Amino acid sequence: MIIRKKENWFKMLFVMKGSVLPRVFPRLLLLLVLSFLVVYARGSFFHMKIQLNPAPFTLFGIALALFLGFRNNASYDRFWEGRKLWGALLNDTRSLARQALTLGVYPKDAAEPKAFIQFLIAFTYSLKHQLRRTDASADLDRLLPASLANNIKNVHYKPIMLMKEMGEWVQRAKQDEKIDSIQQAAFDENLNKLSDIVGGCERLAGTPIPYTYSVLLHRTVYIYCLLLPFGFVDSLGWMTPIIVTFIAYTFVALEAIADELEEPFGLAPNDLALDAMSRMIENTLLEMTGKPVVPDAAPTDYYIS
Amino acid sequence: MIIRKKENWFKMLFVMKGSVLPRVFPRLLLLLVLSFLVVYARGSFFHMKIQLNPAPFTLFGIALALFLGFRNNASYDRFWEGRKLWGALLNDTRSLARQALTLGVYPKDAAEPKAFIQFLIAFTYSLKHQLRRTDASADLDRLLPASLANNIKNVHYKPIMLMKEMGEWVQRAKQDEKIDSIQQAAFDENLNKLSDIVGGCERLAGTPIPYTYSVLLHRTVYIYCLLLPFGFVDSLGWMTPIIVTFIAYTFVALEAIADELEEPFGLAPNDLALDAMSRMIENTLLEMTGKPVVPDAAPTDYYIS
Amino acid sequence: MIIRKKENWFKMLFVMKGSVLPRVFPRLLLLLVLSFLVVYARGSFFHMKIQLNPAPFTLFGIALALFLGFRNNASYDRFWEGRKLWGALLNDTRSLARQALTLGVYPKDAAEPKAFIQFLIAFTYSLKHQLRRTDASADLDRLLPASLANNIKNVHYKPIMLMKEMGEWVQRAKQDEKIDSIQQAAFDENLNKLSDIVGGCERLAGTPIPYTYSVLLHRTVYIYCLLLPFGFVDSLGWMTPIIVTFIAYTFVALEAIADELEEPFGLAPNDLALDAMSRMIENTLLEMTGKPVVPDAAPTDYYIS
Amino acid sequence: MIIRKKENWFKMLFVMKGSVLPRVFPRLLLLLVLSFLVVYARGSFFHMKIQLNPAPFTLFGIALALFLGFRNNASYDRFWEGRKLWGALLNDTRSLARQALTLGVYPKDAAEPKAFIQFLIAFTYSLKHQLRRTDASADLDRLLPASLANNIKNVHYKPIMLMKEMGEWVQRAKQDEKIDSIQQAAFDENLNKLSDIVGGCERLAGTPIPYTYSVLLHRTVYIYCLLLPFGFVDSLGWMTPIIVTFIAYTFVALEAIADELEEPFGLAPNDLALDAMSRMIENTLLEMTGKPVVPDAAPTDYYIS
Amino acid sequence: MIIRKKENWFKMLFVMKGSVLPRVFPRLLLLLVLSFLVVYARGSFFHMKIQLNPAPFTLFGIALALFLGFRNNASYDRFWEGRKLWGALLNDTRSLARQALTLGVYPKDAAEPKAFIQFLIAFTYSLKHQLRRTDASADLDRLLPASLANNIKNVHYKPIMLMKEMGEWVQRAKQDEKIDSIQQAAFDENLNKLSDIVGGCERLAGTPIPYTYSVLLHRTVYIYCLLLPFGFVDSLGWMTPIIVTFIAYTFVALEAIADELEEPFGLAPNDLALDAMSRMIENTLLEMTGKPVVPDAAPTDYYIS
């Protein structure tokens, strides 16, 4: 995720880091060159005049903007839903930590609640690793007792298995009469919510916006931009390349951003900062058990992973 | 569902598998031929000049794009709600499995929780078969004891009858004092959610977008595209067929995709992968009882059913 | 509700049943005649030329399409919320039936749970009759014991009184020690949901989209269509009537559909099939008590009430 | 709220009562006069020709329609959320009444549940008075025992204090062993919902759409309409006043409606009928205790407050 | 937040306080000057005519309006979600206060419930300070016992630590047998909601709209406005500066408002009045314990912080 303070309106016109411009620059350059060629040839192609004018481009450009708006909305909703799910993860792990610390009749500083909180942290990291398809082993080793860590490493749905582990912790607490049925039910409800969070993340990660949409809009944007110089060369002359590139910049960039936001759990510049959020969850849960918070490193180049 | 990695921006312009282009190709070809005839006849029809120009097409094209955007939105929302319901099914069956395994006082590896988890898997498959109007018998035989499988085969609302079965399992567990009233209530709440999921799926499958909308927009899109060449022939000349087909491609394709997404539980290329999701639910639930996960076969031609 | 399979794209252009065309046909015919007169008079009116051109119609047509899109959205949301409420009714009555059959300690085939399920069915029908302002007596007589049926007939908020009846059933079950406090609470929660459903339906039925909106948009659509021929007569000549009627068809039809969907509980062609849904709820609840399902009659002319 | 049956499409064009036309009429008349002056002066102003044409008005008119659409949506959402909150109030008070009548072990016709239902009615009216900033004294005197009514009159957050009163009723019921802890919790949950409803209403009443938005859009709409005649006078001539007033009617009226709906709890023609809804809640709750329903008076001039 | 009564439609055209005009005035002035220069030079730049016309500006202006509409929506949703979260905070703290006062068996005017309510107030202020990055010490000292205030000052996630404090209060109440397990669970559920509120606020404060979006739209709006005078100079002549500044006013102002609403917890004129809301929560909670309400000071210059 790009974290950058808003500059004043003038400086913001020239910002590079965090803008999508560097990424789409080569494509725009290509279009700029093409436009110059079109102007130079006065819209002819092998001595055949390409007979186009702005009318169909106005009609279709607005339609395209509408469809792009739809794609944009859908992508942003996915991004924001991903963020909400990780927000819910924060809330729910905090609630479960509070329950572990205050619902039962454990003596102050008992080991069991702290073990439960370690499960919550390991759960968070293993969900992160599952979503990013990275290896969870190091984090599991760091956070869990060795034998359990090894068990979890060998299963496929790691966060779910950790949730079962938490369910068994609650069952033991019940059997040891540290909590009663009602307190068990209170834990159980928050575990249900954790299950909803895992499934919600898997849903976003596993079901993209229908591929056909992406292809159709991608294609339409690029063909449209390609034809633009032919439509405007007669009326705009040597201004054609500038105007065409400006319009194309917005359309192409919006499509590129939408494409990036669609999968919010990746490592692209605008994706969610799962690493930072995992560390924050670890910090806030540990602070509840009395440990001081280790502040996060500052982002490099405005980017946090 | 089409599962295909995003290509780079250039290759994606020429993708065929997963695009809706092959499906709408014949209609576009027809329009292309018509446009050529119109240009050839210089917009006349039996020596009568069809007096049209771009103005009404601009006005109406944008209006049409708006209405198509509405239809698109509604269809995509249905698709996404269908996906959310199956996501909720995953979450809820996992929660119920966890409850069966950890809420009561069954000894480790007892048979009862495993039987309950089989109910959950059978429930998932019978919901899939109901939504796709396919025969559930094979899956019921595979997953349930013979007598119960036969009972369920003969009822009309199979998932509901399996839920009643689960309700009775919970009742027996209560009578055998494996769980108390409070734990029973925790099960009961998750069964309520299962009921909401079944009903939600039935709602999507049984109530399409009002038929009148579909007819109106379908008709408007096609008449509009049909009239387009007459409107542009005078100003675009021999470019008319290309521009008209390009505009029509986007409009017709969007309408076709919207039509497909509207019924997300079918077998069309962009419909939800209910088969794969059912297998995934089976896998994750079985893994909770200690069975290893069987990985899914790779999709053929980027398509999974 | 119109239930009709999607035809192929070509046949769908000529569908009549289920289209809104027959309903708006007279108005369009009127406009067609007016357009011909305008062309015949070359846009003059009592020898005074009406000086109009497409520019203001483009500007305003697109604005109008936007506002119509808003109205459409709001109407469709109401339609879909109505459908969701009836879906929730299905889910919730099934959940309550399951609770009546499996939560308590009634012997198999006891009369009490079946009586409760009869309450649920009577509740469903009385809600339907309240929403459609039809007489509930026949259904109440059919479903309830005579004395209770007579009591309910005389009250104003029938579904609510049946809910109180269900509350008393639960209270009796508690006093007879068939259920304990916790199971009572589980019933109570689902009764709360029933209460939400009744209120939600009453809200949709009692509070239309603000009347002022409907009037404003209705008026704007019709005046716009009326002025259209004057705007296009100079540039389109004898094509004016066709183009104007085509544009007007879409605008007028969309407004008419929006108007119909706004009140989803009526008997118009696109309204919800409350009759069929009530029968379905009756069927699925009775099947849970062991009765076989009576299949629904096929729709006549694609319409089910 | 305006309650008026939909007329047929033709009569609806001339409806006055319930239309916003009378309210915006003076402004439109002003604009009409201005337009005539502009046409008369052929777009000159002190012998200086105001050089304008339709192009910028098309561009900006559509942009304006978009922004107005946004404002409209936000206002309508507020209106509908207000309605939903009062719907939830109906549902929740009914649920609480059902709980008071059937959850505990009070004898039939006991005084306590009836007293609780009186609290619910008084709560409803005091919320209405708070939202409309009217005096609640008469209703409190009518509904509550004198001493309690006096206490409530002197506090600032009346509905909240009545909720505390209900909490104490539940506490007494618990102490008198009419209900147990679990039934107390069922009441408590519905009281939580009541608290959400009060807060939701206060939120809508206290936080309007940001004032800056309202000012910006208001200003833009009026300046736009004011400039319109200059833009169209050259091409439309004496038709200018008609077209300009027609366009302005829609824009100005939409802005005026949006402004009215934004504060749904007031007394403007399109605001919510809080009086009628409060009486309905009173009626339905009293009917549950056996009292017959007093039908509402018919609306005067299609308006109910 | 700006709190200002709506003026009549005419006066509202000239409102300054609460309008965004003063803030964007310098930029508009710059553009006005530029436009005059462009008209003076008749669109030439160093004797080279900039060949532009309105066509591409119409096309792109509408597309831009659409994208701006999207940004606007997203920002307003964030603003409104922030408001909803603080509304939920009000509701939930009231519910918890009611529970503290009426759920348990404390004697009237016991000290414990009042201490709990002090925690709720301190929680509210510490959340406000965290969101605004201000120092919470003064409020903590004012509201909490000295030793606890000092503990809280030293932790990083202050509201969460106060929630743990509340959890321990509930635990003590349970151990002292003032409440039983079920009442404890009722508290616990509302504490879960508090946790959701904190996390929701942190989510809004920590995850802005993707920076790339803001940069792209900002840039597009300003370049568009900068090019506008060149596009209209030929057709509008000396009217160019007026029309261009008018269009730019709306676009630039909308972008500026969207930018401001995006971060609703700040101190900008349109941000949420967290100070006032915190005082209101304090007031309403204290009134429940019998203290009279201190009315808020009137806003200065229509602004409350």
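Asp141(D) and Lys153(D) form a salt bridge, with their closest N and O atoms 2.8 Å apart. Asp141(D) belongs to helix H4 (residues 137-143) of chain D and Lys153(D) to helix H5 (residues 146-153) of chain D, so the pair ties together parts that are 12 residues apart in sequence. Both partners are partly exposed: the relative accessible area is 42% for Asp141(D) and 25% for Lys153(D). The structure described here is a predicted model, and a search of the whole of it finds 70 salt bridges over all chains.

A second pair lies within chain A. Arg71(A) forms a salt bridge with Asp259(A), in which the closest N and O atoms are 3.2 Å apart. Because Arg71(A) lies in helix H2 (residues 54-102) of chain A and Asp259(A) in helix H9 of chain A, this pair ties together parts that are 188 residues apart in sequence. Arg71(A) counts as buried, at 2% relative accessibility, whereas Asp259(A), at 22%, counts as partly exposed. Salt bridges that share partners join Arg71(A), Asp259(A) and Glu262(A) into one network.

A further salt bridge is formed by Arg94(A) and Glu202(E), whose closest N and O atoms are 3.1 Å apart. Arg94(A) lies in helix H2 of chain A, while Glu202(E) lies in helix H7 (residues 181-206) of chain E; the pair therefore joins two chains. Both residues count as buried, with relative accessibilities of 2% for Arg94(A) and 10% for Glu202(E).

Asp92(B) presents a contrasting case. This residue is placed in helix H2 (residues 54-102) of chain B. Asp92(B) is buried yet has no salt bridge. When residues up to four places away in sequence are left aside, Asp92(B) touches Asn190(B), Lys193(B), Leu194(B) and Ile197(B).

A kink of about 35° occurs in H1(A), centred on Arg27(A). Arg27(A) is also among the buried residues of H1(A), together with Leu21(A), Val24(A), Leu28(A), Leu31(A), Ser35(A), Val38(A) and Val39(A). An α-helix has 3.6 residues a turn, so residues three or four places apart point the same way. The cover over the buried residues of H1(A) includes helix H8 (211-236) and helix H9 (240-261) of chain A, as well as helix H8 (211-236) of chain E. Arg42(A), which follows H1(A), has a positive phi, near 50°.

The arrangement of the chains was considered next. Chain C can be laid on chain B with an RMSD of 0.0 Å by a turn of 72° and a shift of 0.0 Å along the axis. That is the relation of a five-fold axis. Only 7% of the interface residues of chain C are also interface residues in chain B, so the copies meet through different surfaces. Some chains do not meet. No contact joins chain A and chain D, whose closest C-alpha atoms lie 11 Å apart. Chain C and chain E likewise do not touch, their nearest C-alpha atoms being 11 Å apart.

Definitions and conventions:
Residues numbered from 1 in each chain as written. Chains lettered and ligands numbered in written order. Predicted model: local features only at pLDDT ≥ 70, side-chain atom pairs only at ≥ 80, totals over all residues. Heavy atoms only, no water. Least-squares fit on C-alpha atoms with pLDDT ≥ 70 in both. Contact = heavy atoms within 4.5 Å. Helix = DSSP H or I, 4+ residues; strand = E, 2+ residues; numbered from the N terminus. Buried < 20%, exposed > 50% of the residue type's maximum accessible area, 1.4 Å probe, protein only. Lys, Arg positive; Asp, Glu negative; His and termini not counted. Salt bridge = Lys/Arg side-chain N within 4 Å of Asp/Glu carboxyl O. Bend = angle between axes of the 7 residues up to and from the residue.
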